[in-house]
Amino acid sequence: SWWCPLLPLLFLIYALNPGDSGKVHNKVKQRWLAGEELVVSTMKQVADCAARGRLALESGDHYALAKLMDTNFALRRKMFG
């Protein structure tokens, strides 16, 4: 079992028979490699969310972490559709 003392209680939802996520991720990777502005700028925002998320975890600010997770999800939807 994996456990991280900095994480708040989280609920994990998963699919027993997931599809091939590579079909979707490879398209975005190709767009990134081609330098598509939407993907490049959005990935910079995702990286910023990750850095701010680490700070939120380290300071115990679970509310800020939750908001950053929401922001991350919205940014990924922008790229992946």
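What share of the contacts in the protein with a separation of 6 or more comes from residues 24 or more positions apart? The share is 59%. This is a predicted model. The protein has 3 helices and 0 strands. Along the sequence the pattern reads α-α-α.

**Confidence**

- The average pLDDT of the protein is 89.
- A score of at least 70 is reached by 94% of the residues.
- Helix 2 has the highest mean pLDDT among the elements, at 96.
- Helix 1, residues 22-33, has the lowest, at 84.

**Overall shape and surface**

- The radius of gyration of the protein is 15 Å. A compact globule of 81 residues would come near 12 Å.
- Along the principal axes, the C-alpha atoms fill a box of roughly 40 × 30 × 20 Å.
- The accessible surface comes to about 6700 Å². Carbon and sulfur atoms account for 61% of that surface.
- Of the 81 residues, 17% count as buried.

**The largest nonpolar core**

- In soluble globular proteins, nonpolar side chains tend to be buried together.
- Here, the largest nonpolar core has 10 residues. Among them are Val28, Val39, Val46 and Cys49. The core also includes Ala56, Leu57, Leu65 and Leu68. Leu75 and Met79 belong to it too.
- Helix 2 and helix 3 (62-80) each supply at least two residues of this core.
- Helix 2 gives the largest share of the core, with 5 residues.

- Leucine 65 sits in helix 3.
- Is leucine 65 buried or exposed? Its relative accessible area is 9%, so leucine 65 is buried. The cut-off for buried is under 20%.
- Setting aside residues up to four places away in sequence, leucine 65 touches Pro8, Gly53, Ala56 and Leu57. Of these, Ala56 and Leu57 are listed in the largest core.
- Leucine 65 and cysteine 49 are 16 residues apart along the chain. Their C-alpha atoms are separated by 9.1 Å.
- Alanine 56 touches Asp61, Ala64, Leu65 and Leu68, again not counting residues up to four places away in sequence.

**Threonine 42 in helix 2**

- Threonine 42 is found in helix 2, which spans residues 37-59.
- Why does threonine 42 count as buried? Its relative accessibility is 0%, and buried means under 20%.
- A polar atom of the threonine 42 side chain lies 2.6 Å from the backbone oxygen of leucine 38.
- Beyond its neighbours within four places in sequence, threonine 42 is in contact with Leu75, Lys78 and Met79.

**Valine 40 in helix 2**

- Valine 40 also has its place in helix 2.
- The relative accessible area of valine 40 is 18%, so this residue is buried.
- Valine 40 touches Trp32 and Gly35, with residues up to four places away in sequence left out.
- Along the chain, valine 40 and methionine 79 are 39 residues apart. The distance between their C-alpha atoms is 9.6 Å.

- Alanine 74 is in helix 3. Its relative accessibility is 45%, so alanine 74 counts as partly exposed. Partly exposed lies between the buried cut-off, under 20%, and the exposed cut-off, over 50%.
- Alanine 74 and valine 46 are 28 residues apart along the chain. Their C-alpha atoms are separated by 9.8 Å.
- Valine 24 lies in helix 1. With a relative accessible area of 42%, valine 24 is partly exposed.
- How many Å separate the C-alpha atoms of valine 24 and leucine 55? The separation is 30 Å. Along the chain, these two residues are 31 residues apart.

Note on methods: Residues are numbered from 1 along each chain as its sequence is written. This is a predicted model: local features need pLDDT of at least 70, side-chain atom pairs count only at pLDDT 80 or more; totals for chains, interfaces and linings use all residues. Side-chain values use heavy atoms; hydrogens and water are left out. Helices (H or I, at least four residues) and strands (E, at least two) are DSSP runs, numbered from the N terminus. Buried means under 20% relative accessible area, exposed over 50%, partly exposed in between (1.4 Å probe, protein chains only). A polar contact is a pair of N or O atoms within 3.5 Å; within protein, one must be able to donate a hydrogen and the other to accept it, and residues adjacent in sequence count only if both atoms are side-chain atoms. Contact means heavy atoms within 4.5 Å. A nonpolar core is a set of buried Ala, Val, Leu, Ile, Met, Phe, Trp, Tyr and Cys residues joined through side-chain atoms within 4.5 Å. The radius of gyration is taken over C-alpha atoms; the globule rule is 2.2 Å times the number of residues to the power 0.38. Accessible areas come from the Shrake-Rupley method with a 1.4 Å probe; for residues, only the protein chains shown count as cover. pLDDT is the predictor's confidence in each residue, from 0 to 100.
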